[in-house]
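Visitor: Please give me a close look at one part of this model. Then set it in its surroundings.

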Amino acid sequence: MKGALVLLVAVLTAITSWASAASPALKRLTVAESTEVRPSHAWALESDDVFHLSGTGVCEPLVKVDFDGRLVPNLAQSWQRTDKTTWQFKLRSGVVFQNGQPFNAQAVITALNHIRSVPTLPRGFTSSTITSLSAAGDTAVIIHTGAPDTLLPNRLSSVNTCILAPSAYKAGAEPSPFGTGTGPFILKEASQDSLRLVKNKNYWGGLVNLDEVAWLLVPDGVVRAGMVRTGEADIADNIPISQVPILEKDTRVVVVKQLAPRTVGLYLNISRRPFTDVRVRKAIQYAIDKKAIVATILEGIGQPAVGPFTPVEKAWLNSGLKGYPYDPQRAKALLAEAGYKPGDVKFALLTYPSRAELPPIAEAIQKMLKDVGIVADLQVKPLVDDDALAGKFETLLLSRGHLLDVYDPEGFLTADYSCKGSYNLSHYCNPSVDGLLAQSRDANAPQTRYNLYRQIQSIIVDEDAVTVFVNHSVTLVAHSKKVLNYRPHPSHHYTVTAALDITR
Amino acid sequence: MAALLIRRLAFLPVLLVFVSLLVFFLPRLAGVDPTLAILHARVPERNPDPEVLDRIRAELGLDRPVPLRFLSWLERLARGDLGYSYVTREPVAGLLREGLAVTATLVGLCLALAVVVAVPLGVVAAIRPGKWLDNLIAIGSQVGVAVPEYWIALLLILLFAQRLGWLPSAGWRGPAYMVMPVLTLAFRPIAYFAWATRAAVIEAMRMDSFRAARARGLTRTRTIWVHALRNALIPVVTLVALWLAGMLGGSVIVEVIFGIPGIGLVLYNAVLATDLPLIQAGLVFLISLAVVINTLADLAYVALNPAIRLSRPQP
Amino acid sequence: MSRVRRRSWHATAVAGLGIFLVVVAITVCAPFLTHYDPIDQVLRDAFKPPSAAHWLGTDRLGRDLFARIAYGGRFPLAITLVAVSVSAIFGTLVGAIVGRVGGAVEEIAMRLIDVFISFPSILVGLVIAALLKPGFGTLVLAITVTDWTPFARLARAITLEINTRAYIEAASAVGAPEPLILRKHVLHHLVGPVLAMGFLRFGHGLLTIAGLSYLGLGAQPPAPDWGAMLAEAQPYMMRFPILVLAPGLIIFATALSVVLAGRGLMLMFDAPHGGPRA
């Protein structure tokens with residue numbers, strides 16, 4: 001009898017331990033992600049929808065900006081510029097699409113042809129950026145550019161150019177990202193407020209730690225912050241500054257702060273009086289106490305800015321800029337010198353509410369300007385770039401990311417500060433800047449380019465005082481202590497990676 | 001009765017066309033250029049490339065004269081083709097349907113709660129008019145009408161989500177997410193329904209049939225609950241129907257605060273993004289729905305009233 | 001029993017009016033109640049708790065909260081007053097005229113009113129305020145578009161009742177012109193109920209305006225505004241609840257006071273509530 005009981009217990013133990021070994025608890029991680037608009041069931045790769053695909057590790061581009069800000073091979077193993085307008089990209093071997101289709105030159109050409117043919121091209125691309133694509137065998141792609149372009153590899157690190165399997169692209173419809181990427185995670189389901197992803201067991205980049213990821217779309221930053229505190233989410237992206245003191249008091253939560261390539265600036269419409277006078281522009285610069293703004297409104301999270309680029313961007317930052325330290329007396333003197341009495345200078349100060357810190361910063365600036373005799377009429381409304389671009393504004397407080405298109409400031413400098421720039425809100429035109437930019441496009445060595453950018457910064461900030469750069473923003477991410485191997489990406493492209501893990 | 005029905009219903013299509021006209025021209029009156037709106041919606045910082053603008057214009061048929069566009073829009077509406085959102089490029093009809101399903105759940109739960117709470121309160125108030133319970137309910141109903149729903153929403157979130165952590169602060173992912181929004185929205189209907197029930201019950205108590213029942217020996221309380229309430233329910237039910245119509249679009253602030261993907265939030269986001277097809281189709285759809293519900297409720301009220309009027313109320 | 005009822009309603013109507021007058025007094029006399037400028041920022045004094053220096057503390061830009069509340073009522077109250085007045089005048093005239101004229105005109109007008117009364121007012125207000133530039137006029141329009149209809153219904157109902165009175169029929173028979181009949185016999189019956197309705201609609205209008213301000217469509221910064229103050233305070237409400245309690249409380253108190261006054265007046269004037277649309 002006793003023997004039978006022992007046998008029974010032994011058998012049951014064996015069965016249960018076999019069963020639990022056969023199905024260990026799944027490692028599941030939940031991310032609360034910010035979203036202005038929910039991505040549609042149809043995915044426009046040229047729009048900001050794609051950040052949800054790259055952030056979740058579904059879709060990968062040929063080239064990658066790594067977590068230290070360097071350009072590294074991704075789906076392309078190497079690249080070479082064979083002549084002024086031709087590049088050859090060698091593709092990595094061992095990559096396979098999640099639906100089993102082979103990753104080869106033809107697949108890459110199909111994907112890139114799609115992104116070239118959409119009605120509104122992604123940032124960093126014009127209709128002549130790439131003029132033709134051809135295959136050199138199965139493992140290499142030849143790309144012809146319209147004009148000599150040293151930055152083609154940078155442009156192909158843009159997540160808008162990420163590569164999906166050929167069957168994802170159907171004529172007349174948006175591409176389907178379900179099971180058609182190359183990345184560590186496979187998109188299984190998408191609903192109006194969440195995405196569900198599972199591990200890609202055949203990922204070329206190696207072992208993927210997590211089994212499942214839930215990517216929740218939560219537009220409200222305060223709510224996202226709350227979700228990490230309650231455990232509803234393991235990672236909360238883009239936390240508002242107002243929530244940081246609460247999160248930092250919580251011992252189960254880690255707040256990650258990273259200086260972002262994003263600067264808040266007061267853009268002046270230089271084509272209009274009184275901004276045509278550089279003394280007025282410099283007066284405005286001296287009137288603003290950037291340290292106080294960062295210390296109080298931003299609660300110390302951020303850095304006062306001198307020029308557009310942050311201390312993290314050491315490669316091309318001009319750290320020798322003089323800038324404009326807070327000096328209201330000097331501001332008043334400059335205005336007087338330009339012939340304006342207190343109250344003479346009046347203009348509208350525009351800003352928009354979708355970035356929470358902008359309205360209070362604008363209010364503070366309004367008051368600081370009032371203290372030196374400038375009357376600014378504040379208007380807060382949703383941003384309409386078109387009005388701004390058409391010149392229908394006087395000043396605009398804007399949060400501007402300068403590495404959004406390619407991980408190189410050329411796109412930003414050209415768009416914002418060249419005479420014919422597509423985002424030249426200031427209506428600024430200085431031929432020296434245009435000349436330096438043209439030189440930089442011709443330069444082959446990055447160092448040469450970066451030195452030219454430094455000269456441009458000097459002109460824009462110290463000589464012409466085009467834009468009042470107020471502060472550099474900080475990317476704020478909160479995650480529970482259970483999350484392992486999280487690293488914030490400099491361009492915020494990749495959140496969920498193969499290395500990301502969670503303790504049970 | 002049939003004549004009344006026909007007259008009311010005949011007007012409906014005319015009214016709907018009138019509403020469509022207003023809605024169609026509103027953005028144009030406001031000086032919104034659809035092409036720029038699309039461009040702005042698709043790529044936040046875009047190239048003001050004239051070639052791109054022309055392509056978009058052609059793609060959407062925006063280069064045709066205005067009256068033609070209105071008529072073709074109307075024709076497509078009638079067929080059920082509500083166009084495509086500028087922002088997400090999904091069919092508008094689908095977006096509206098999804099939103100409506102969510103809002104209908106929210107509003108349905110809210111009105112059910114309101115009826116369950118308010119009707120008994122109204123009856124109790126009617127049983128002893130003028131006494132402290134009646135006065136309490138009266139004051140409660142004034143308070144309910146005057147309370148700002150956005151303030152209540154914030155206070156509930158502050159207490160139950162942020163301080164206590166019992167409920168999630170926003171979203172729509174399960175029953176726990178429904179508690180606070182339903183409570184917030186229920187304040188005003190409870191206040192109005194309780195007051196209306198009280199008035200209707202008092203009215204019903206003045207009827208011959210009520211006295212007849214009392215004369216038959218039933219207790220006052222029982223007669224009220226059984227008899228008067230039955231008659232009083234008719235105006236209350238029509239009131240509920242009217243509130244349903246109003247709340248389908250009127251829940252927008254609550255949906256915004258709690259992040260509920262209902263039709264109010266869909267339209268709010270559409271307005272912020274100047275997503276014209278969605279705004280226009282959505283408004284026409286909601287207003288039409290409200291008009292139809294209102295009309296049917298009114299007709300039902302009139303139709304059912306004669307049953308009450310059979311016994312004259314005492315002077 | 002009805003006398004007891006009347007007296008108690010007098011009390012609430014008076015209480016309501018009293019509170020409302022206090023609120024109006026605070027907004028009008030703000031400069032005498034506080035020496036602080038509601039838009040004056042002192043950044044380093046941000047988020048101070050209530051003290052002798054700042055009765056309600058300060059907001060995120062160091063502005064005195066009591067001053068912001070006191071001055072912050074001017075914009076919403078003024079807009080609501082104008083909007084309700086315009087609605088009342090327009091709606092009452094339409095209702096009275098339609099009630100006298102009758103026939104097809106009345107039929108068409110009533111159907112139109114059916115449509116407008118079905119508009120969810122906050123949504124329509126939102127669309128109008130967002131598409132046109134936010135401002136005083138836009139907000140008045142946003143409210144008036146739907147708010148004239150309850151007045152029209154009320155005026156028509158009362159006019160229909162008066163129509164049956166002998167002296168009206170007599171005046172018509174004698175050939176008196178319509179505008180004269182309206183002016184001499186109809187309008188003064190309307191004043192009381194319309195005033196009562198006006199109070200009720202004021203409460204509803206104020207809540208809508210404050211709601212639109214909360215969504216950012218009201219007074220533009222840095223001007224103080226109760227609804228906008230709620231939105232500004234929201235991210236900080238866990239750390240500093242008073243920033244959300246104060247503006248909400250005053251909106252609520254003001255709306256409650258006019259609702260009490262309106263309900264009381266409604267009963268005093270024995271106005272027909274007319275069916276389920278109270």
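**Strands of chain A, and what lies around them**

Guide: Strand S9 and strand S10 (residues 212-217) of chain A pair in the antiparallel sense, over five bridges. Pairing here takes at least two DSSP bridges between two strands. Opposite A:Arg196 stands A:Ala214 of S10(A). S9 (residues 194-199) of chain A also pairs antiparallel with S8 (residues 185-191) of chain A, over six bridges. There, A:Ile186 has A:Val198 in S9(A) as its bridge partner. Two residues separate S8(A) from S9(A), and the two strands form a hairpin.

This is a predicted model: local features need pLDDT of at least 70, side-chain atom pairs count only at pLDDT 80 or more, and totals for chains, interfaces and linings use all residues. Residues are numbered from 1 along each chain as its sequence is written, while chains are lettered from A and ligands numbered from 1 in the order in which they are written. Elements are DSSP runs numbered from the N terminus: helices (H or I) have at least four residues, strands (E) at least two.

Chain A also has an open sheet of four strands. Its order is S4-S5-S7-S6 (chain A), with antiparallel pairing. S4 (76-83) and S6 (130-135) of chain A stand at the edges with a single partner strand each, so one side of each has no neighbour in the sheet. On average, neighbouring strands of this sheet are turned by 20° against each other, direction ignored. Inside the sheet, S5 (residues 86-91) and S7 (residues 140-145) of chain A run antiparallel and share five bridges. A:Trp87 faces A:Ile143 of S7(A) across that pairing. Helix H3 (residues 105-117) of chain A packs on the sheet and touches S5, S6 and S7 of chain A. The direction of H3(A) makes about 165° with that of S6(A). Contact means C-beta atoms, placed from the backbone, within 7 Å. Axes are lines fitted to C-alpha atoms, for helices over the stretch in contact, with angles from 0 to 180 degrees between N-to-C directions.

Two loops of chain A deserve a look. The peptide bond from A:Arg273 to A:Pro274 is cis, with omega near 0°. A:Pro274 sits in the loop between strand S12 (253-268) and helix H7 (278-287) of chain A. A:Glu299 is not a glycine, yet its phi is positive, about 50°. A:Glu299 belongs to the loop between helix H8 (290-297) and strand S13 (303-304) of chain A.

Now the whole chain. Chain A has 14 helices and 19 strands. Its radius of gyration is 26 Å, close to the 23 Å of the globule rule for 504 residues, so chain A is as compact as a globular protein of that length. The radius is taken over C-alpha atoms, and the rule is 2.2 Å times the number of residues to the power 0.38. Along the principal axes, the C-alpha atoms of chain A fill a box of roughly 105 × 55 × 40 Å.

Next, the partners. Nonpolar covers Ala, Val, Leu, Ile, Met, Phe, Trp, Tyr, Cys and Pro; charged covers Asp, Glu, Lys and Arg; the others, Gly among them, are polar.

Chain C also touches chain B, with 39 residues from chain C and 48 from chain B. Elements giving two or more residues to this side of chain C include H5 (103-118) and H11 (242-268) of chain C. H11(C) gives the largest share, nine residues. By class, this side of chain C has 28 nonpolar, seven polar and four charged residues.

Within chain C, the axes of H4 (residues 74-101) and H5 come within 7 Å and cross at roughly 140°. C:Val94, C:Val98 and C:Val101 of H4(C) meet C:Gly103, C:Val105, C:Glu106 and C:Ala109 of H5(C).

Within chain B, the axes of H5 (residues 92-127) and H10 (residues 220-250) come within 10 Å and cross at roughly 150°. Their contact has 16 nonpolar, two polar and no charged residues.

Last, confidence. Chain B averages a pLDDT (the predictor's confidence in each residue, from 0 to 100) of 80, and 84% of its residues score at least 70. Over residues 308-315 of chain B, pLDDT stays under 50. Where pLDDT is low, predicted coordinates should not be read in detail.

Note on methods: Contact = placed C-beta atoms within 7 Å.
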